[in-house]
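Me: I would like to go through the labels used for this structure and check each one against its cut-off. Please give the value, the criterion and the conclusion.

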Amino acid sequence: MESRTLYVRRTPGSKVQGADDDDEEAPAEPPGSGSIHPLSPLVRLYIYALHGCLCEVVFTAFCDWYETQDRRMAGQSSLWALPMYATAIYLMEQLRATLLDQCYPLPVRLIAYTLLIYLWEFSWGAGLSLLGACPWDYSGYRYNLRGLVTLEYALPWAVASLIAEKHVIRNTLRIRMEN
């Protein structure tokens with residue numbers, strides 16, 4: 001079985017996380033490194049799928065708790081969410097690179113990401129509805145479009161976009177693997 005080691009890219013002079021000030025500096029590259037490369041798109045899709053589903057379960061648990069005061073905090077999701085979140089965050093990764101290259105400010109990027117999410121959610125919802133498999137229905141919300149998207153979730157989607165850009169995508173792109 002092939003052995004692989006994960007390394008986080010460090011800049012020269014950076015400290016090992018959690019190290020004391022008098023510890024040595026972290027090496028810029030691991031000792032004996034052969035071929036170090038970024039995560040493949042397939043691995044990044046996997047990470048993004050898990051992140052999206054985890055966030056959805058947490059979000060629905062808190063929403064259900066707020067409405068019912070049920071302390072079990074039983075959030076829910078669907079297996080359809082895995083490919084939906086994986087591809088949405090992967091597209092956000094590509095859009096992030098373009099927007100950062102063109103020096104767009106954070107508010108503009110968040111609006112772009114939120115619009116992408118709405119387009120993606122509507123597209124997936126329409127496709128899944130054709131299969132009779134759409135796991136969500138926003139028909140009860142005032143500002144919904146065919147029950148597939150709702151404007152009431154614009155702020156949560158913008159916050160999710162901020163977390164995705166500043167933490168999930170950024171840190172996922174920093175991970176390096178050694179063969």
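Me: What makes Arg-44, Glu-93 and Arg-96 contacts of Leu-173?
Reply: A contact requires heavy atoms within 4.5 Å. In this predicted model, Leu-173 meets that criterion with Arg-44, Glu-93 and Arg-96, leaving aside neighbours within four places in sequence.

Me: How far apart are Leu-173 and Arg-44 in sequence and in space?
Reply: They are 129 residues apart in sequence, and their C-alpha atoms are 8.2 Å apart. Leu-173 is in helix 4, and Arg-44 is in helix 1.

Me: Why is Leu-173 called partly exposed?
Reply: The label covers the range between 20% and 50% relative accessible area. Leu-173 has 28%, so it is partly exposed.

Me: Why is Arg-44 called buried, and what does it touch?
Reply: Buried means under 20% relative accessible area. Arg-44 has 10% relative accessibility, so it counts as buried. Beyond four places in sequence, Arg-44 touches Leu-39, Tyr-90, Glu-93, Gln-94, Thr-172 and Leu-173.

Me: How do you know that Arg-44 and Glu-93 form a salt bridge?
Reply: The criterion is a side-chain nitrogen of Lys or Arg within 4 Å of a carboxyl oxygen of Asp or Glu. For Arg-44 and Glu-93 the N to O distance is 2.8 Å, so the pair qualifies under the 4 Å limit.

Me: How many salt bridges does the whole structure have?
Reply: A search of the whole structure finds 4. Among them is the bridge between Asp-70 and Arg-72, at 2.7 Å from N to O.

Me: What makes the nonpolar surface patch, and what is its area?
Reply: The patch is made by Leu-54, Val-58, Phe-62, Trp-65, Tyr-66 and Met-73, with an area of about 630 Å². A patch residue needs over 30% relative accessible area. Leu-54, one of the six named, lies in helix 1, residues 41-68. Leu-54 has 54% relative accessible area, so it is exposed.

Me: Which residues have the most contacts inside the largest nonpolar core?
Reply: They are Met-92, Trp-157 and Ile-169, in a core of 22 residues. Helix 1, helix 2 (81-101), helix 3 (106-130) and helix 4 (154-174) each supply at least two residues of this core. Beyond four places in sequence, Trp-157 touches Tyr-85, Thr-114, Ile-117, Tyr-118 and Glu-121.

Me: What is the order of elements, and how much of the protein counts as buried?
Reply: From the N terminus on, the order is β-β-α-α-α-β-β-α-β, with 4 helices and 5 strands. Of the 179 residues, 28% count as buried. The protein exposes about 11,800 Å², and carbon and sulfur atoms supply 62% of that area.

Me: What share of the contacts with a separation of 6 or more comes from residues 24 or more positions apart?
Reply: Such residues account for 64% of them.

Me: What is the mean pLDDT, and where is the pLDDT below 50?
Reply: The mean is 87, and 81% of the residues reach 70 or more. Over residues 12-27 the pLDDT is below 50, and this stretch has 10 contacts in the model beyond near neighbours in sequence.

Note on methods:
Residues are numbered from 1 along each chain as its sequence is written. This is a predicted model: local features need pLDDT of at least 70, side-chain atom pairs count only at pLDDT 80 or more; totals for chains, interfaces and linings use all residues. Side-chain values use heavy atoms; hydrogens and water are left out. Buried means under 20% relative accessible area, exposed over 50%, partly exposed in between (1.4 Å probe, protein chains only). Accessible areas come from the Shrake-Rupley method with a 1.4 Å probe; for residues, only the protein chains shown count as cover. Patches are made of residues with over 30% relative accessible area and no salt bridge: like charges are joined within 9 Å, nonpolar side chains (Val, Leu, Ile, Met, Phe, Trp, Tyr) within 5 Å. pLDDT is the predictor's confidence in each residue, from 0 to 100. A nonpolar core is a set of buried Ala, Val, Leu, Ile, Met, Phe, Trp, Tyr and Cys residues joined through side-chain atoms within 4.5 Å.
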